Amino acid sequence: MNQPRAVAVYARISSDPTGQALGVARQLEDCQKLAADRGWTVAEEYVDNDVSAYSGKARPAYLRMLRDIRSGIRDAVIVYNLDRLTRRPMELEEFAAECEAAGVRQVATVTADVDLGNDDGLFMARVFAAFAAKESGRKSARLRRKARQNAEAGKPGGGPNRPFGYEADKITVNPVEAELIRQMVRRVLAGETTRSLAACMDAEGIATVGTGEWRSSTIRQILLSPRIAGLRAHRGEIVGPAVWEPIITMEQRQQLLNVFAAKKASGRRAPRSYLLTGMLRCGKCGSRLYSAARQNERRYVCLSGPDHRGCGGITVTAPPVEEWITAAVLYRLDTPQMSDTLSGRQATDARHTELLAQLRRDQVKMDELARMWAEGEISRPEWKAAREPLENRVKTVERQLSQITGTTALEGIVGHGMELRDRWANMNLERQAAIVSAVLDHATINPATIKGGKFDPNRIEPVWNL
Ligand SMILES: [Zn+2]
């Protein structure tokens, strides 16, 4: 056998809470030494980071190595140990098959050699793989038991991030963050929203423990976590007192739970209270506008802050915009273009039906051909020849179908603008909004140019659906 001249070296760091596994540097060093001892030339090192082969997570470097083996640019593989390479017997079979197909016979490990080119080698590799899979299963059961024991002893869990309010050991209280938590608790109990708290944290430049920005959900998560009351939870269940100091009292925790439970009960999706909710955009930043009342004035506004991330630069009084858009919608319903559009849509509908029927006919023919070939009535070349034009037509029809958009709820309202105008005031808001959104895609509200608060319809830039 020739000396391999383009060897792949594979190393993997597995997550390893015990710290006993070999570091990746050591794995690579041992593999390089083995290559040097044998006079093999290493072409590339493939390294996957902190993933267990058993967990089934993607291993990008491993996949890249397989691809290189498949394309014929690697002629041997060195790994520290077979359990670095695969942990499921199925994966080993795939790996062996790729190697065989590419003519790669030599797979060396620092601990034992495997020659996939002969049955003994493959057998040994299979035994290793089966053994590793079993070990791995045992290991995860062991880790689960250990995690449970840890939790019951009140010790911190193994997540990557420290919790807000505690140092990296997850036990020592961080006095500055603890004070912030206590402030937030007082403010929530006094009726302040988590959204406003998130905005304050952002404004004061306080960092989250991860990389993210402050959101209402971040605040809620911190305040509702049993941890800050000195409790240890495991898999969503409180298992007992924790070894760390509490930041808030048990009474405060109970009050918080009550406040959030009450909010949840009252926060069910409210019925629509503004006609144009979801249909207006900010002329400065393009964000959607939200309804917001100030004293007795209904308004649509661009909201900045953690949950919306708009520019905050546009505000418009709701009633004149709603009146203007309604009038425009009802007017459009009676225009000749509108009835053209509707008949256009009906024609489109007819075309849609026709294309669907064509597609079904072709699919039936293709099934029939397949049956004839399976039963030996036609040869494979005959089957292929008959199938090709059908396949092409199916592709074309499918493309045409995807370009046709179906009709909307326009029938019954087109040409009835006058009538609808008379009934408008008596319709409920949901029905009104349905009619508006059938005609209007969205409207952009531009900044005011006229001073003095008088409404300027030129600020509205509608984009019509039709
Ligand atoms: Zn904006």
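## Zinc site

Four donors count as tetrahedral if all angles between them lie between 85 and 135 degrees. In this predicted model, the angles among the four donor atoms of the zinc ion run from 103 to 115°, so the site is tetrahedral. The ligands are the SG atoms of Cys-282, Cys-285, Cys-302 and Cys-311, at 2.3 Å from the zinc ion. Along the sequence these donor residues follow the spacing C-x2-C-x16-C-x8-C.

Cys-282 is buried, at 2% relative accessibility, whereas Cys-285 has a relative accessible area of 36% and is partly exposed.

## Helix α2

Helix α2 spans residues 60–70, and its buried residues are Ala-61, Tyr-62, Met-65, Leu-66, Asp-68 and Ile-69. These residues lie on the same side of α2, because they cover an arc of only 160° around the axis. The exposed residues Pro-60 and Arg-70 are carried on the face of α2 turned away from the buried side.

Just after α2 comes Gly-72, with a positive phi of about 85°.

## Ser-225

Ser-225 sits in the loop that runs between α8 (216–224) and β6 (231–234). Its relative accessible area is 18%, and Ser-225 therefore counts as buried, the cut-off being under 20%. A polar atom of the Ser-225 side chain lies 3.1 Å from the backbone oxygen of Ile-222.

Conventions: Residues are numbered from 1 along each chain as its sequence is written. This is a predicted model: local features need pLDDT of at least 70, side-chain atom pairs count only at pLDDT 80 or more; totals for chains, interfaces and linings use all residues. Side-chain values use heavy atoms; hydrogens and water are left out. Donors are N, O and S atoms within 2.8 Å of the metal (3.2 Å for Na, K and Ca); water is not among the atoms, so sites may look incomplete. Four donors count as tetrahedral if all angles lie between 85 and 135 degrees; four count as square planar and six as octahedral if opposite donors are over 155 degrees apart and all others between 65 and 115; anything else is irregular. Buried means under 20% relative accessible area, exposed over 50%, partly exposed in between (1.4 Å probe, protein chains only). Helices (H or I, at least four residues) and strands (E, at least two) are DSSP runs, numbered from the N terminus. A polar contact is a pair of N or O atoms within 3.5 Å; within protein, one must be able to donate a hydrogen and the other to accept it, and residues adjacent in sequence count only if both atoms are side-chain atoms. The arc is that of the directions from the helix axis to the C-beta atoms.
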